[in-house]
Amino acid sequence: MIQAEKLTRRFGERTAVDGLSFQAGEGEILGLLGPNGAGKTTTIRMLAGIIAPTSGAATVAGVDPAREPERVHEHVGLLTESPGFYERFSAARNLAYFAGFYPDLDIRRAVGEALDAIGLADRADDKVATFSRGMKQRLALARTLLHRPQVLFLDEPTAGLDPEAASSLRALIDRLRGEGRTILLSTHNLAEAEALCYRIAVLRTRLIALDRADSLRDRQFAPTVRVQIGNLTEAMIAATLAEPYVTEASRSVGDPNGLVVRLTDVDRDRPALVARLVALGAELLEVREDERSLEDVYLSLVREEER
Amino acid sequence: MRRRIANVLRMEWAGMARTPNSLLYLVVIPILLIGQAVFLSWVIPQFVNPELVGMEPPAGSGLTAVDMFRLLILAQFPFFALLIPAMIANVNATQSIVEEKTTRTLEPLLATPVRTWELLVGKILAGAVPALVAAWLSSGVFVLLVWLLGWGHLLAYVVNATALVSLVLLMPAVTVLSFVLGVIGSSRARDAKDAQTWALFVALPIFALVAVQVIGFVRLTPLSTVVLSAGLLLIDAVLVRGAVRLFGRESIVIRWR
């Protein structure tokens with residue numbers, strides 16, 4: 001549905017996006033993560049046919065956005081970072097205006113369905129100026145749905161929203177994915193990315209990593225188990241380290257009872273480790289997997305890139 | 001194409017109808033300009049002795065020295081009237097573009113299948129047509145007022161071929177020029193006030209045109225008015241091309257602030 005091949009965009013001397021290649025399939029939410037200025041918005045703009053790439057190519061819903069921007073707009077919906085409405089007009093009038101640019105669209109029906117979809121049908125005739133930030137963002141999402149696009153580009157959809165509004169918008173995005181739409185989601189909210197996205201692309205001008213959150217985590221951090229042992233000794237640590245499935249074992253910093261063990265596969269090797277420690281006479285107080293958040297993964301990737 | 005341009009037109013006009021400033025300009029500017037022309041034609045001869053100014057009526061014309069004095073002011077109205085579309089079109093342009101910028105509606109608009117030139121044409125028509133209609137209506141009201149004030153015998157000297165060419169050619173050329181300058185100014189401006197300084201580029205030459213005529217330095221004939229209009233239309237064409245480039249998707253998203 002979305003295919004980018006060595007997409008590059010330069011603004012004068014500055015390169016905003018450098019040789020970006022990826023694909024996103026039907027019904028997939030692909031997350032775009034990256035620090036400010038990493039090229040997320042530029043990438044979305046290139047794919048949505050708003051700006052042209054300096055080099056490289058892309059197809060979105062089978063259309064080249066650089067060659068046929070107007071045609072690509074018939075197949076994609078773009079949620080910009082700021083909702084952008086004519087505040088003196090009602091929600092319905094705003095949507096009707098945008099709907100008026102799409103060919104062969106029953107405007108009244110499209111507006112009604114879009115407002116229904118985002119739960120604002122009862123506020124259709126209210127001026128947008130009276131809407132909260134969350135409602136405007138939902139209305140902006142409704143605007144992207146007017147022409148029932150196959151592909152959605154969502155640029156920071158929950159930025160600046162309160163937790164309740166953000167959660168309701170996330171549920172809506174998940175529902176849209178369930179309807180088979182392909183969604184490219186740019187976000188700074190890593191929990192949101194992990195909850196919604198099938199795969200995550202980490203961008204810093206160029207693509208640093210692209211994979212599922214779990215795979216990125218496994219790739220970036222060795223599977224680790226933290227064990228609390230009442231009578232931890234150096235001999236126990238040495239014996240643990242001698243096991244073939246253990247890659248590293250050391251005392252936890254600042255915790256005399258803590259043992260940190262890196263395994264080749266946590267799920268497979270944890271029972272063997274526990275059995276071995278018991279055999280060594282260890283008084284086991286707690287055994288837990290060291291959970292790494294997506295934020296840890298993201299920061300590690302970005303720092304690695306900085307080096 | 002026509003559907004999309006009509007869509008822009010409808011929204012622009014609906015927006016104008018909800019903007020007190022736009023409506024005020026449509027009414028106040030014509031009233032001020034008609035009022036000052038008629039008032040000055042009436043009041044100046046009350047205080048100045050036209051015979052002392054030395055304006056001799058042409059022999060056999062049946063005009064008095066006061067009529068001559070009055071004509072000097074009234075005959076400038078067709079050129080003063082150029083200020084009506086110039087100012088209204090500029091205000092409409094700046095309000096239309098600056099509102100899109102402040103409400104951040106341009107990028108979502110550019111993500112629809114509308115072509116940027118359709119958007120620009122829609123905006124030019126929406127801003128220029130009311131300005132031009134207001135100017136033409138004002139000219140009609142001016143003629144009616146002159147007649148009602150009992151100066152009907154002067155109309156033949158005011159509503160002449162030059163004035164008609166000015167109405168039909170010069171006025172639309174000035175309207176488009178003013179609107180396009182408004183668009184160009186707005187693309188760089190942060191607010192409407194900032195953008196409207198561009199109106200000076202249109203207003204000053206109009207004042208100059210009136211001034212050189214009043215002092216007798218230049219007397220516009222139908223032919224010279226046609227030439228002037230053609231020159232302006234040429235400048236319009238160049239500026240519209242520039243505005244279309246400035247109004248490109250990429251330009252709006254990247255360069256407009």
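Reader: Let's start with α1 of chain A. Which strands does it lie across?

Author: Helix α1 (residues 40-47) of chain A lies across β1, β2 and β4 of chain A, and runs at about 120° to β1(A). Lying across rests on contacts, meaning C-beta atoms, placed from the backbone, within 7 Å. Helices (H or I, at least four residues) and strands (E, at least two) are DSSP runs, numbered from the N terminus. Axes are lines fitted to C-alpha atoms, for helices over the stretch in contact, with angles from 0 to 180 degrees between N-to-C directions.

Reader: And the ground rules for the model and the numbering?

Author: It's a predicted model: local features need pLDDT of at least 70, side-chain atom pairs count only at pLDDT 80 or more, and totals for chains, interfaces and linings use all residues. Residues are numbered from 1 along each chain as its sequence is written, while chains are lettered from A and ligands numbered from 1 in the order in which they are written.

Reader: Back to those strands. What's the strand order in that sheet?

Author: β2-β1-β4 of chain A, an open sheet of three strands with antiparallel pairing. Two strands pair if DSSP finds at least two bridges between them. β2 (14-24) and β4 (55-60) of chain A are at the edges with a single partner strand each, so one side of each has no neighbour in the sheet. On average, neighbouring strands here are turned by 20° against each other, direction ignored.

Reader: How many bridges join β1(A) to β2(A)?

Author: Seven, between β2(A) and β1 (residues 2-11) of chain A, and the two run antiparallel. Gln3(A) stands opposite Gln23(A) in β2(A), and Phe11(A) has Arg14(A) as its bridge partner. The hairpin has two residues between these strands, and Gly12(A) takes a positive phi near 65° there.

Reader: What about β1(A) with β4(A)?

Author: They pair over five bridges, in the antiparallel sense. One pair to look at is Ile2(A), which stands opposite Val60(A) in β4(A).

Reader: Now helix packing. At what angle do α8 and α11 of chain A pack?

Author: Helix α8 (residues 213-220) and helix α11 (residues 294-306) of chain A pack at about 55°, with their axes 10 Å apart. So α8(A) is oblique to α11(A), given that angles under 35 degrees count as roughly parallel, over 145 as roughly antiparallel, 65 to 115 as roughly perpendicular and the rest as oblique.

Reader: Who makes the contact there?

Author: From α8(A), Ala213(A), Leu216(A), Arg217(A) and Gln220(A); from α11(A), Leu294(A), Val297(A), Ser300(A) and Leu301(A). By class that contact has five nonpolar, two polar and one charged residues. Ala, Val, Leu, Ile, Met, Phe, Trp, Tyr, Cys and Pro count as nonpolar, Asp, Glu, Lys and Arg as charged, and the others, Gly among them, as polar.

Reader: OK, chain B. How many helices and strands?

Author: 14 helices and zero strands. The C-alpha trace spans about 70 × 35 × 30 Å along its principal axes, and 44% of the 257 residues of chain B count as buried.

Reader: How many residues does each chain put into the contact between A and B?

Author: 20 residues from chain B and 25 residues from chain A. On the chain B side, α1 (2-17), α7 (106-110) and α14 (249-254) are the elements that give two or more residues. The chain B residues divide into eight nonpolar, five polar and seven charged.

Key
Contact = placed C-beta atoms within 7 Å. Buried ≥ 20, exposed ≤ 12 C-beta atoms within 10 Å, placed from the backbone.
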